[in-house]
Amino acid sequence: MRFLTDCFRTTEIAAPVSVECLVLVVSLAPSLITVDVTSAAANILHGLKMAPSHALRCCKRALNWVPVLFINLVVGWSYYAYVVELCVYTIPNNAERISYLVIFHIFLTMFIWSYWKTIWSKPAGPSKAFCLPRAEKELYEREERAEVQQEILKKVARNLPVYTRTAGGAIRYCHNCQVIKPDRCHHCSTCEMCVLKMDHHCPWVNNCVGFSNYKYFVLFLAYASLYCVVICATVVQYFIKFWTKQLPDTHAKFHILFLFFVAALFFISILSLLSYHLWLVGKNRTTIEAFRAPVFANGPDKNGFSLGCGRNIAEVFGDEAKYWIFPFFSSLGDGHSFVTRLVHIDPEQANSVLQQNGKSPADGEINPCVPGNTIQHTADDSKEKIDRGQMVSVTMESEP
């Protein structure tokens, strides 16, 4: 139809149109109209097909917040039951009331603080250094043979601090994000991205728990347990008095009895989860690695990233113990590479790795580490060199 419009516009300015031109326009008009109608119908059908999927995706995202809403409602009700029904209406002693309120609000503040830091900390993804260069990416997409694709990935991976493989020994590549996965990085189907040092996707925080918020998650479990302990320890005497009829039946009775039961049940469930994650911290493993050991060049090794209990704890909470109890980010490294007792790399080669991937020496950081009782895994000969008594880890900062 644009052709017809342009033709008639031209005739207004140019000389009178010839008979042959009119015949040509009239003969082409039906086909042009048919093409426009067909394309318009196709666009409408495509929009109708996309609308349900988009609506379903929005509904799914809204439903993902239901567990978080539930937790917040429970915490809000517990605050009302403890502060109003217990401290205001039930406890007669002012000194006891004030001391309970101070302790309660301290642990509540730390619990809410760490909980919301876990929720709103955006999962960290791989930097651009782990994307395939344009030439290699075009070759990879054109190539249909899996073995040739692996050769392309191996060529790129030689310039990256990547030492873990798939169960079949192949380079770990994410086809959705189109990046070579750094060590301990996995793709989350819910967040639709690759997450550095991914532990798991937690529905109770509607977020991926990984490198950027694992410390916050552990503190959230710890302060949630302590919050429940404070409630149970201070409510128990009034729970017994209401249960044995030593106190008259008032509107506070139901809240106090139910508050004790809920706090006790949550404490048991949260304590078991906290104990498991503290064990993982001590072993320097993620939940994924606990179920499926990371695979190195010589095969799987569940202790591949373990550096000893003290160092493992510092990996998550940092070197300075004064920051451990606060939900500040203090974890070591940048999530792209990790100190490991299994892989040795020459310091000069590590510096060249950073430069080849668009990183200056100032951006990179080489941390020497002396291992003890190491089990050596040999990666590609072109990628690493063994230097007795010395091991370093290459770390890279995430690019915006």
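Reader: Is Glu143 buried or exposed?
Author: Glu143 is buried, at a relative accessible area of 18%. Buried stands for under 20% relative accessible area, exposed for over 50%, and partly exposed for what lies in between (1.4 Å probe, protein chains only).

Reader: And what should I know about the model itself?
Author: This is a predicted model, in which local features need pLDDT of at least 70, side-chain atom pairs count only at pLDDT 80 or more, and totals for chains, interfaces and linings use all residues. Residues are numbered from 1 along each chain as its sequence is written, and side-chain values use heavy atoms, with hydrogens and water left out.

Reader: Which side chain does Glu143 meet in a salt bridge?
Author: That of Arg145, at 2.8 Å from N to O. A salt bridge here is a side-chain nitrogen of Lys or Arg within 4 Å of a carboxyl oxygen of Asp or Glu.

Reader: How many salt bridges does the structure hold?
Author: Five. One of them joins the side chains of Arg184 and Glu289, again at 2.8 Å, N to O. That pair links distant parts of the chain, 105 residues apart: Arg184 sits in the loop between strand 2 (179-180) and strand 3, and Glu289 in helix 9 (residues 287-291). Helices (H or I, at least four residues) and strands (E, at least two) are DSSP runs, numbered from the N terminus.

Reader: Is Arg184 buried or exposed?
Author: Arg184 counts as buried because its relative accessibility is 3%. Glu289 is buried too, at 5%.

Reader: What about Lys253 and Asp249?
Author: Their side chains form a salt bridge at 3.0 Å, N to O. Lys253 counts as buried at 16% relative accessibility, whereas Asp249 is exposed at 53%.

Reader: Which buried residue has no salt bridge?
Author: Arg172 is such a case: the nearest side chain of opposite charge, Asp183, is 5.3 Å away. For charge, Lys and Arg count as positive and Asp and Glu as negative, with His and the chain ends not counted.

Reader: What lies 2.6 Å from a polar atom of the Arg172 side chain, then?
Author: The backbone oxygen of Pro182. Arg172 itself is in the loop between helix 6 (146-157) and strand 1 (173-174). Not counting residues up to four places away in sequence, Arg172 touches several residues, including Thr164, Val179, Pro182, Asp183 and His186. Contact is taken as heavy atoms within 4.5 Å.

Reader: Changing topic. How many helices and strands are there?
Author: The protein chain has 11 helices and 10 strands. Of its 400 residues, 42% count as buried. Among contacts between residues at least 6 apart in sequence, 67% join residues at least 24 apart.

Reader: Which residues of the largest nonpolar core touch the most other members?
Author: Tyr82, Phe111, Tyr115, Tyr214, Phe220, Ile231 and Val235, out of 47 residues. Helix 3, helix 4 (94-120), helix 7 (214-243), helix 8 and helix 10 (309-317) each supply at least two residues of this core. Helix 7 gives the largest share, 16 residues. A nonpolar core is a set of buried Ala, Val, Leu, Ile, Met, Phe, Trp, Tyr and Cys residues joined through side-chain atoms within 4.5 Å.

Reader: What is Tyr82 in contact with?
Author: Setting aside neighbours within four places in sequence, Tyr82 contacts Cys87, Tyr100, Phe104, Ile231, Thr234, Val235 and Leu259. There is also a second, separate core of 13 residues, with Phe130, Ile152, Val156 and Ile171 among them.

Reader: How far does helix 3 reach from its first C-alpha to its last?
Author: Helix 3 (residues 66-88) reaches 31 Å with 23 residues, close to the 33 Å expected at 1.5 Å a residue. The expected span is 1.5 Å times one less than the number of residues. The buried residues of helix 3 include Val68, Ile71, Val75, Ser78 and Tyr82.

Reader: And how far apart are the end C-alpha atoms of helix 8?
Author: They are 49 Å apart, which agrees with the 48 Å that the 33 residues of helix 8 (residues 251-283) should span. Asn284 follows helix 8 and has a positive phi, near 55°.

Reader: Where is Asn206 found?
Author: In the loop between strand 5 (200-202) and strand 6 (207-209). Phi of Asn206 is near 50°, a positive value in a residue other than glycine.

Key. Polar contact = N/O pair within 3.5 Å; in protein donor to acceptor, adjacent residues only side chain to side chain.
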